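Let's take a walk through this one together, from the inside out.

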Amino acid sequence: MKKIGVLFGMENTFPGALVERINSMNLDGITAEFVEVGGVRLDKPPAYSVIVDRISHDIPFYRAFLKHAVLNGTVVINNPFWWSADDKFFNYSLPHKHFPPGTTDRSMRNLEYPLDWEEIFEYVGFPSFLKPVDGGGWRDVHHVHNRDDFFCAYDQSRDLCMTLQRAVKFNEYFRCYVVGQEKVHIMPYDPRRPHAERYLLDPPAYDKKLLKRVEKDALTLCKALGYDLNTVEFAVEDGIPYAIDFMNPAPDADLHSVGHKNFEWIVQTVADLAVKKAKAAPAIAAFHWGAFLGSASNATTKKAVAKKKSDGKKKSAKEKLAGK
C-alpha cells in the first residue's frame, strides 16, 4: 500500500478535503492520510510514498524530517532541498536594520556604511514595497510612498533582511495557481482589498492574449524554480504583466479565502498530482541542484549527447551504404 501524507498546520479546509478527495478515488494500492511523525530514525524510511507539505517553512523539525524522507525515496511536494533555498532575492536587497542575533559591528566589516540611500531610491523609485526577503502572507510588508515612509518602515524591520520593490500601477492583477509545472489556474485578484475579499468572484472579461501570456509566464517561472505547487502573481500595467511574487510553495488554499470554484480546482488538481507521483514512487533523487531544478544546462547536455549518438548512427549507415 502506497500512502500519501498531508503535513499541515493551522489551516483547516484544504488538508481534510485533499485527503478525502484522494481516498474517494478508490485507487488500488493508494491511500491518503494526515502525516504523523515522532522521533526520526535515520535507518528507518518514512511510511509515505508522497508527502504534500503545507507547513515546514514554519517548523524547522518538519523541514528536517522531509529532507530525510526525500533521501529515502519519498516524493515531497515541494522538494524541501530547493524550498530551503527559497527567498525573494530577485529584488533590491537591503541589509538588516539591527544586527542579527550573535553578531556585532565587527561582523559587518564588509558592509558599505553608510549606504547610498539616494542612489537606491533613484534606482527603485516610489511608490514601492518594503518586505522581508523570505516573507509571506503579507507579514512585515510596507507600502512606502517617499523616503520618510521608507525610513519609518525600515526602522521597524528589526533584524530582518528586506527587499525594496517598485510598485506597479496595475489595471489587472492575477494570482495563478500552478500545479505539476503543467496546469495553471488564473484567479483575478486585488491586493488592495481587505484580505477576505481579494479574490474576485465575479471578474470582468479579460483579453485572451493577455491570459495566454500570463499562463505561459507562470509555467516558465515554475519550471525554472522547480516547484510542483506554487502561486505566481502578476500585476498588469499598460498591458504588460509583471511577475511580482512567484515564490509561494505553500500557497493559500482555504475555502473561505479562495472561494468554492477555485477551491474545487485546487483540491482536484493537487489530488491528481499526488496520485501521479505516488504511482511513480519511490523516487531517489540525484543530489545536485541541476537535477532538483530540471536545469536548462542538463537538458542541453542531454540533447547534445542524443545528437552525438544520432550522428554516430547516421555515419554508420552511410558507411554501410558505401560498402565500408
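This is a predicted model: local features need pLDDT of at least 70, side-chain atom pairs count only at pLDDT 80 or more; totals for chains, interfaces and linings use all residues.

Residues are numbered from 1 along each chain as its sequence is written, and side-chain values use heavy atoms, with hydrogens and water left out.

Start with the largest nonpolar core, which has 35 residues; Ile4, Phe14, Leu18 and Ile22 touch the most other members. (A nonpolar core is a set of buried Ala, Val, Leu, Ile, Met, Phe, Trp, Tyr and Cys residues joined through side-chain atoms within 4.5 Å; buried means under 20% relative accessible area, exposed over 50%, partly exposed in between, with a 1.4 Å probe and protein chains only.) Elements giving two or more residues to this core include β1 (2-7), α1 (13-24) and α8 (260-280). Helix α8 gives the largest share, 9 residues. Helices here are DSSP runs of H or I with at least four residues, strands are runs of E with at least two, and both are numbered from the N terminus.

Now for the backbone. Phe126 and Pro127 are joined by a cis peptide bond, omega about -5 degrees, and Pro127 sits in the loop between α4 and β6 (128-132). Another cis bond runs from Ala281 to Pro282, with omega near 0 degrees; Pro282 is in the loop between α8 and α9 (289-293).

Finally, look at Asp140, a non-glycine residue with a positive phi near 60 degrees, in the loop between β6 and β7 (142-144). Asp140 counts as partly exposed because its relative accessibility is 23%.
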